Amino acid sequence: MLTQKLTQDFWAHMLKEFGATVVQKGDSDLMKVVGTVLDAFGVQDKEQFMQDFVTTLGRTIYCPFKIGIESDKWPAWTVWAQV
């Protein structure tokens, strides 16, 4: 059964394995600038970029959700499957 703890443990293991870190996308000034630029060039709406996409730059994963916390927009299986 997929649980919050299993999801969090999996992420913790994989982050350690690959030397990666997770940053909350909404807390990142860099992601806000990227979203603004993408929006200005008509590539992607900034709000949609910030809320609907996980973005990886180098070994940093910018997530619009909290790992293991299920929501209507990010059900646990979706979060699990996108890793």
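# A walk through the predicted chain

The protein chain averages a pLDDT of 89, and 90% of the residues score at least 70; pLDDT is the predictor's confidence in each residue, from 0 to 100. This is a predicted model, in which local features need pLDDT of at least 70 and side-chain atom pairs count only at pLDDT 80 or more, while totals for chains, interfaces and linings use all residues. Residues are numbered from 1 along each chain as its sequence is written, and side-chain values use heavy atoms, with hydrogens and water left out. Among the elements of the protein chain, helix 2 has the highest mean pLDDT (98) and helix 4 (residues 76–81) the lowest (56). Where pLDDT is low, the predicted coordinates should not be read in detail.

The protein chain has four helices and three strands. Helices (H or I, at least four residues) and strands (E, at least two) are DSSP runs, numbered from the N terminus. Along the sequence, these elements follow the pattern α-β-α-α-β-β-α. The C-alpha trace of the protein chain spans about 40 × 30 × 20 Å along its principal axes. Of the 83 residues in the protein chain, 27% are buried. Here buried means under 20% relative accessible area, exposed over 50%, and partly exposed in between (1.4 Å probe, protein chains only).

Leu2 lies in the segment before helix 1 and, at 29% relative accessibility, counts as partly exposed. Leu2 and Gly68 are 66 residues apart along the chain, and their C-alpha atoms are separated by 9.6 Å.

Helix 1 covers residues 4–18; at 1.5 Å a residue, its 15 residues should span 21 Å, and its end C-alpha atoms are 21 Å apart, which agrees. The expected span is 1.5 Å times one less than the number of residues in the helix. Which residues of helix 1 are buried? They are Thr7, Trp11 and Leu15. Seen down the axis of helix 1, the buried residues fall within an arc of 65°, so they line one face of the helix; the arc is that of the directions from the helix axis to the C-beta atoms. The face turned away from the buried side of helix 1 carries the exposed residues Lys5, Lys16 and Glu17. Just after helix 1, Gly19 takes a positive phi of about 65°.

Lys5 is found in helix 1 and is exposed, with a relative accessible area of 55%. The side chains of Lys5 and Asp9 meet in a salt bridge (2.8 Å, N to O). A salt bridge is a side-chain nitrogen of Lys or Arg within 4 Å of a carboxyl oxygen of Asp or Glu, and by this rule the count comes to one salt bridge. Side chains of opposite charge can pair when their charged atoms come close. Because Lys5 and Asp9 are four residues apart in helix 1, they are separated by about one helical turn. Asp9 is partly exposed, with a relative accessible area of 39%.

Val23 is partly exposed, with a relative accessible area of 27%. Val23 and Gly35 are twelve residues apart in sequence, and their C-alpha atoms are 15 Å apart in space.

Val34 has its place in helix 2 and is partly exposed, with a relative accessible area of 27%.

The loop between helix 2 (29–40) and helix 3 (46–52) holds Val43, which is exposed, with a relative accessible area of 57%. Val43 forms a nonpolar patch on the surface with Val33, Val37 and Phe41, and together the four have about 420 Å² of accessible area. Patches are made of residues with over 30% relative accessible area and no salt bridge, where like charges are joined within 9 Å and nonpolar side chains (Val, Leu, Ile, Met, Phe, Trp, Tyr) within 5 Å. Accessible areas come from the Shrake-Rupley method with a 1.4 Å probe, and for residues only the protein chains shown count as cover.
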